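Colleague: I am new to this structure. Please take me through it by question and answer.

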Amino acid sequence: MKKTFIISYDLKNASDEDYETLYEFFKSYGTWAHITESTWAIVTKERAKEVRNAIAEIVPKGSTIFVVKSGSIAAWRNVICRNEWLKKNL
C-alpha cells in the first residue's frame, strides 16, 4: 500500500549539486510535491526508515533528515506546491 511521507531536511556544507541530486531523488518517486524550501512529500510503498536511509546515502554527512508518514489532518499557507496536490495526497 502506498503512503505519503513528509520529508524535512537541513543539508550541511552542501553544494548546488547536492541539492540538485536530492531534488532528482524526490522526483524519482513519480508522485511528489516540493512544499517549502526544505520540505517535500513523496508517495511510496517504502517504509520511513528506507526513505531516510536512501536520502542519507546522497546528502552530505551531518545533514539532518526527518521522515514522517502523513496523517489525516493538515493545514498550510503559502506553500510552493499546488494546494490540490496536498488535498489529494496528504
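Colleague: What volume does the largest pocket have?

Modeller: This is a predicted model, in which local features need pLDDT of at least 70, side-chain atom pairs count only at pLDDT 80 or more, and totals for chains, interfaces and linings use all residues. Residues are numbered from 1 along each chain as its sequence is written, and side-chain values use heavy atoms, with hydrogens and water left out. A pocket here is an open set of points on a 1 Å grid over the protein atoms alone, where a 1.4 Å probe fits, with protein on both sides within 12 Å along at least five of seven lines; lining residues have an atom within 4 Å of a point. With volume taken as the space filled by probe spheres set on the points, which are joined across faces, edges and corners, the largest pocket comes to about 200 Å³.

Colleague: How many residues in the lining of the largest pocket are charged?

Modeller: The lining includes I6, I35, W76 and L90. Ala, Val, Leu, Ile, Met, Phe, Trp, Tyr, Cys and Pro count as nonpolar, Asp, Glu, Lys and Arg as charged, and the others, Gly among them, as polar. By that scheme the lining has 9 nonpolar and 3 polar residues, and the number of charged ones is none.

Colleague: In what order do the strands of the open sheet lie?

Modeller: Strands are DSSP runs (E, at least two residues), as are helices (H or I, at least four), numbered from the N terminus; two strands pair if DSSP finds at least two bridges between them. β1 pairs in the antiparallel sense with β3 over 6 bridges, and with β4 also over 6 bridges. The 4 strands form the order β2-β3-β1-β4.

Colleague: Why is one side of β2 and of β4 left without a neighbour in the sheet?

Modeller: Both strands stand at the edges, so each has a single partner strand.

Colleague: Which strands does helix α1 lie across?

Modeller: Helix α1 covers residues 16-27. Its direction is about 175° to that of β1, with axes fitted to C-alpha atoms, for helices over the stretch in contact, and angles from 0 to 180 degrees between N-to-C directions. The strands it lies across are β1, β2 and β3.

Colleague: Is L22 buried or exposed?

Modeller: L22 sits in helix α1, and its contacts (heavy atoms within 4.5 Å) beyond four places in sequence include Y9 and I55. Buried means under 20% relative accessible area, exposed over 50% and partly exposed in between, with a 1.4 Å probe and protein chains only. Because its relative accessibility is 0%, L22 counts as buried.
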